[in-house]
Amino acid sequence: MTSLPRASLGRVLEELGTTLLDVVCGDVERADDIGGVVIHDPLDEPELPQNALVMGVGLHDCADIARVVTHLGRRGAAALVVRAPLAPDERLLAAARVSGVAVLSFARGASWTHLAGMLRTLTADSNRYDTDAPTPGRTGSGDLFAVANAIAALLDAPVTIEDRNSRLLAFSSRQEEVDPSRVQTILGRQVPEHYTRILEERGVFQAIYRSDRPVFVDSLPESGDTLQPPELPRAAIAVRAGDEILGTIWVVVPEPLSEERSEALYEASKLVAMHMVWQRADADMERRLRAELLATALESGPGSREAVRRLGLKDEPAVVLALTVVDAATEHRLPARLATERKRLTDAFAMHLSAVHPRATAALIGDVAYGILPLLPQNRQDAEERAAWIATEFLARVGSRLRPLIGVGQFAADSSALARSRSGAERALRVLRSGTAGQQVARLDDVHVEALLLELADLVPCGDIPSGAVARIVAYDEMHQANLVETLRSWLDAFGDVAVASAAMFVHPNTFRYRLRRAAEVGRIDLSDPNARLSAMLQLRLMSIRSAPDI
């Protein structure tokens, strides 16, 4: 298996340094590549990949940081990122020197979530699942930062590259020379809303999209805040792939570009377009490859062990989760829009699981996203409960209007048991989709009876339910507008307790007894026979399942 090399720590600092990250102490050249990005959690210590870049959220005391640095050094981490400002003391300097772990400071006001996204972009190995050599000339997604720096050097001005929704994709160095809007864009990975609103009102985006050449954008009107420096003018050009607008390039310049520099930015936009198209193609290819490998791993067949290895998993305990979306509104959505939303939800699901465990993986197979979550629990129940809690946390975060549902499979002791865990997750998910559970996350143990009833309904032909005594009672109700079926159902559900059953139907116990005797007479059923009761109960349950709306 071959892949493109990951970004080194030096490369990360080259792209994000001065604006977001600064070196506090330690050797930043020690790690040849970054193996992954992990958030430090003192209460639930995560598993670290080799040469991990660890984000020390909440760490600020030098003594605590020194202790964490020493511990991370024993686990092979490359660097620890903490919030600025940080003045290292002798203990921290010694810990960084002995452990080999560099300590970086992260600019105040910037989001840890956004930093994690940037770091993952820079350190992503987009060819993780490829078995072929990388295409010559093709670069990883993180190299869009290198393109931004190249354009900045060419034009001698700070540069940002944004998508159609004004989300920041990459930026060059020298951003400390710019205005507050650009700083907010870098820190938030999104152009400030008030800035985009003004640009829209002034027709700037329309002008950029209509032209194939750079458009000069004057500085914004005075904000009235004398403490803030004025907004600087910019030159912008659309990034196109044929007739499709992929995004924009923004250059902070004091005046319109010369013809020579305008031509250079135009040519650079073509290079950016190629990178953005490659990124999209690479992302789609990675999704397909991951889906194929995940499907093979979950079959527990001859090729499953190799698929598990190529997914970066080990032959270790894990739980399979199955996610899908259910919403009546989805029936009216365009298929392309629904497919896009499913992809986004799956990507968010994969990121959520990988934040829990670096080897976790997820992929969309059909209309269901499957995830494999490695866990090291005390026992089987502990693993399944933790997986259900993680799934619930994910749904609370995404809050999708598509109403996601997640079935949690049984604990798999090793990769050979993944197929059984997948089957359990699918059975739990089917119950959730039927609407009988009334919840969004379920373990198979939680809905085992409902799952069995659904499977029993599959085995019984539609014409066979109801039959016998129940069929006669149903026919009587339809002819006489009675409710003997409901009376029998309430009595069975109450385990023969007339007081409870009559209260559930809001009738007097004597009235209920009369209706129950009438149901027995009409159906010619012996309610003292356990087999007759079981048959009636099963048929009534299956009738309820089949009459429920198909969600």
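**Entry 1: terms and model**

Two strands pair if DSSP finds at least two bridges between them. Helices (H or I, at least four residues) and strands (E, at least two) are DSSP runs, numbered from the N terminus. I note that this is a predicted model, in which local features need pLDDT of at least 70, side-chain atom pairs count only at pLDDT 80 or more, and totals for chains, interfaces and linings use all residues. Residues are numbered from 1 along each chain as its sequence is written, and side-chain values use heavy atoms, with hydrogens and water left out.

**Entry 2: the β6 and β7 hairpin**

I looked up how β6 meets strand β7 (residues 168–171) and found an antiparallel pairing over three bridges. Glutamate 162 has leucine 168 in β7 as its bridge partner. The hairpin has four residues between the strands, and serine 166 takes a positive phi near 65° there.

**Entry 3: cavities**

Rolling a probe the size of a water molecule over the atoms shows where empty space is left. On a 1 Å grid over the protein atoms alone, a cavity is a set of points where a 1.4 Å probe fits but cannot get out, and lining residues have an atom within 4 Å of a point. Grid points are joined across faces, edges and corners, and a volume is the space filled by probe spheres set on the points.

I count four cavities of 30 Å³ or more. The largest cavity has a volume of about 90 Å³. Two or more lining residues come from each of β6 (159–163), α6 (180–188) and α7 (193–201). Which element gives the most to this lining? I find that α6 does, with three residues. By type, the lining of the largest cavity divides into five nonpolar, four polar and three charged residues. Here Ala, Val, Leu, Ile, Met, Phe, Trp, Tyr, Cys and Pro count as nonpolar, Asp, Glu, Lys and Arg as charged, and the others, Gly among them, as polar.

Is strand β3 (residues 52–55) covered on one face or on both? I find both faces covered, as Ala52 and Val54 on one side and Leu53 and Met55 on the other are all buried (under 20% relative accessible area; exposed is over 50%, partly exposed in between, with a 1.4 Å probe and protein chains only).

Strand β2 (residues 36–39) pairs with β3 in the parallel sense over four bridges, and glycine 36 stands opposite alanine 52. Strand β4 (residues 79–83) also runs parallel to β3, joined by three bridges. Methionine 55 stands opposite valine 81 in β4.

**Entry 4: helix α13**

I checked the length of helix α13 (residues 418–434). The helix has 17 residues and reaches 24 Å from its first C-alpha to its last, close to the 24 Å expected at 1.5 Å a residue; the expected span is 1.5 Å times one less than the number of residues. Its buried residues include Leu418, Arg422, Ala425 and Leu429. Alanine 419 is also in α13, but counts as partly exposed because its relative accessibility is 25%. Alanine 419 and serine 300 are 119 residues apart in sequence and 5.5 Å apart in space, C-alpha to C-alpha. Just after α13, glycine 435 takes a positive phi of about 85°.

Key. On a 1 Å grid over the protein atoms alone, a cavity is a set of points where a 1.4 Å probe fits but cannot get out, and a pocket is an open set with protein on both sides within 12 Å along at least five of seven lines; lining residues have an atom within 4 Å of a point.
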